[in-house]
Each structure stands twice: as C-alpha cells, then as structure tokens.
Amino acid sequence: MTPRPKKFFFGTDPHVRMRDGKVCGVDLATNNAVVQFLEAEGPWDGYIGGGDTADFNVISSHNLGNLRAVQGESVLGEYRAVDAYLRQHYIAAGMPKFFKIIEGNHDYRIERYIDAHPELSGMLEMKRNLPDFVDWIPFWSEHQILTIGKASFIHGQHLAGNHPAAHLRDYGTNIFYGHTHDMVSSALRHHGSDNTKIAHSMGCLCDYNQEYMRGRPTKWQQGFGVFYFWPDGKFNFYPVMIFDHQFTAPSGKHYSGRKRPDTKLVLV
C-alpha cells in the first residue's frame with residue numbers, strides 16, 4: 001500500500017495590524033475563505049507561515065514624523081491581533097504539532113526598535129509575544145531556513161527582476177518564499193530525471209490596499225500553497241490564487257469569504 005503523503009499548508013505575508021481596536025492589514029474576507037479551507041480540507045500535518053505575520057507599521061522608520069499615519073495603533077494592539085490570527089489558523093488546521101512561523105523583514109522591525117531602545121529588551125521581542133504553540137524560525141535575523149524533505153522555506157531575499165531565478169542561484173535547492181507578494185516561478189536547468197529544482201513565490205494574504213502603497217499599481221497576488229511530502233522527501237505542491245476573496249481548491253471545492261465581517265480581535 002502506498003503510504004499517505006504528509007500534507008502542509010504554506011501561507012505568507014498577512015501583515016496583521018490593529019487600528020482603533022479593529023484588525024486590519026490582513027484581508028479579512030480572504031482570511032475567512034482560507035479558514036474555511038483549513039477547516040474543511042484537513043487533516044493537516046503541518047502549517048507554515050512564510051513571514052511578515054506582523055506589520056509593525058506603528059514603529060516603521062517610514063512613519064517617523066508622521067504621527068497621523070500610526071494614529072490608533074500600538075505594539076500591544078498589534079500583538080493582540082497577531083495572537084488572534086494565529087490562534088484562529090491553528091484551530092482551523094486541527095491544532096497540528098508542526099506549526100512553524102518564519103520571521104520576515106516586517107517582523108524584524110521590532111528587533112530594530114529594541115536595538116534603539118535596549119531598555120525594552122526582554123519585553124517586546126516577537127518570539128516572546130507569540131502563542132506557545134508557535135515554533136519561531138528566525139530567518140531575517142539569523143537566516144535560519146526551514147527544510148522539509150527536498151523543499152526549503154524562507155521569507156525571501158530578493159524583490160526586483162527575476163527574483164525566483166535569483167533565489168535559485170543563491171540557495172541551489174527547491175525554495176518557496178513570500179516577501180514579493182506575487183506568484184512567480186523559475187526552474188533550474190539540470191541533467192537527469194526527477195531532480196528538478198524550482199523557486200516559487202507564494203503570493204500574500206494581506207489586503208491589497210495597504211496605506212503605504214497609496215493606490216499605486218502592484219503585481220501583488222493573494223494566494224497560498226498546499227504541499228504533499230512523500231517519505232523519500234519528494235513532494236507535490238499546488239499554488240492557489242485568490243480572486244475577489246474566493247478560490248477553488250485542488251480538491252475542486254470552492255471557498256468564498258466575500259461577506260466581510262465586522263470584527264475586532266477574533267476573526268470569523
């Protein structure tokens with residue numbers, strides 16, 4: 001009998017924030033559809049968050065001298081929103097033992113803030129303020145890479161040009177990442193069979209209308225990935241693109257979160 005492959009979810013870049021007591025940054029309607037999918041399509045053997053779980057707009061250097069841009073936001077509020085988001089996904093995914101969250105550049109903003117305010121050391125670090133079921137992968141600060149079988153997961157390093165090819169050049173292995181907010185892939189030329197090396201950016205789960213973009217054109221694409229890992233380390237993966245807060249899963253089932261909720265902490 002062929003063994004069942006292990007099934008993993010990979011979603012990235014929700015950019016969770018809280019303003020005036022309401023969760024923002026993450027696209028709440030899209031999140032509804034993703035949560036429905038996690039609940040319906042288990043069991044999940046693992047959940048991977050690809051980074052920029054938090055946004056930390058409130059301490060961004062881009063907002064220095066612009067208090068209006070961060071009015072109604074706080075670090076504590078952001079952590080409360082991130083906690084609610086992660087707990088919702090953890091429960092929806094069936095509370096898997098493998099629940100990894102990768103550190104992104106926006107998550108790392110809190111470390112830069114502590115560097116400038118060392119008296120806050122031991123209080124504000126992201127790892128200290130995440131739920132206890134989260135296994136934190138310090139990619140941006142320590143460049144730790146999460147590897148499962150023949151695939152590796154990072155937040156991402158390159159933004160411009162052919163960034164999948166740049167990631168393949170730098171890492172030389174199957175690499176999946178966020179950071180760019182788009183869905184683009186590149187394969188490495190090789191000799192032989194069943195040895196493909198691919199890099200793929202896996203989109204984002206944040207709202208398209210981030211304030212700092214000021215309505216400018218983007219190549220952003222909401223989406224996520226479903227991975228199946230076989231005992232020998234080989235894998236299949238299925239990128240899912242999200243349009244108008246809805247998508248059809250690899251199973252063929254349709255999910256929609258178009259009725260956007262009026263929510264504060266608990267996202268439903």
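The legends below describe close-up views of a predicted model.

**View A. The largest nonpolar core of the model has 45 residues.** Phe37, Leu86, Ile110, Phe224 and Phe247 have the most contacts inside this core. Two or more residues each come from α1 (28-40), α2 (75-92), β5 (98-102), α3 (109-116) and β12 (223-229). The largest share, 8 residues, is given by α2. Another core, of 22 residues, lies apart from this one and includes Phe8, Tyr177, Phe235 and Phe237.

**View B. Phenylalanine 37 and its contacts.** Leaving aside residues up to four places away in sequence, Phe37 touches Phe9, Trp44, Phe224, Val226, Phe247, Ala249 and Tyr255.

**View C. Helices α1 and α2 pack with their axes 8 Å apart.** The angle between α1 and α2 is about 30 degrees; angles under 35 degrees count as roughly parallel, so α1 and α2 are roughly parallel to each other. On the α1 side the contact is made by Asn31, Val34, Val35, Leu38 and Glu39, which meet Tyr85, Gln88, His89 and Ala92 of α2. By class, the contact has 5 nonpolar, 3 polar and 1 charged residues.

**View D. A cis peptide bond runs from glycine 42 to proline 43.** Its omega is near 5 degrees. Proline 43 is placed in the loop between α1 and β4 (46-49).

**View E. Aspartate 52 has a positive phi, near 55 degrees.** Aspartate 52 is in the loop between β4 and α2, and with 1% relative accessibility this residue counts as buried.

**View F. Aspartate 244 has a positive phi of about 55 degrees.** Aspartate 244 lies in the loop between β13 (235-241) and β14 (246-248). With a relative accessible area of 46%, aspartate 244 is partly exposed.

Technical notes. Residues are numbered from 1 along each chain as its sequence is written. This is a predicted model: local features need pLDDT of at least 70, side-chain atom pairs count only at pLDDT 80 or more; totals for chains, interfaces and linings use all residues. Side-chain values use heavy atoms; hydrogens and water are left out. A nonpolar core is a set of buried Ala, Val, Leu, Ile, Met, Phe, Trp, Tyr and Cys residues joined through side-chain atoms within 4.5 Å. Buried means under 20% relative accessible area, exposed over 50%, partly exposed in between (1.4 Å probe, protein chains only). Helices (H or I, at least four residues) and strands (E, at least two) are DSSP runs, numbered from the N terminus. Contact means heavy atoms within 4.5 Å. Axes are lines fitted to C-alpha atoms, for helices over the stretch in contact, and angles run from 0 to 180 degrees between N-to-C directions. Angles under 35 degrees count as roughly parallel, over 145 as roughly antiparallel, 65 to 115 as roughly perpendicular and the rest as oblique. Ala, Val, Leu, Ile, Met, Phe, Trp, Tyr, Cys and Pro count as nonpolar, Asp, Glu, Lys and Arg as charged, and the others, Gly among them, as polar.
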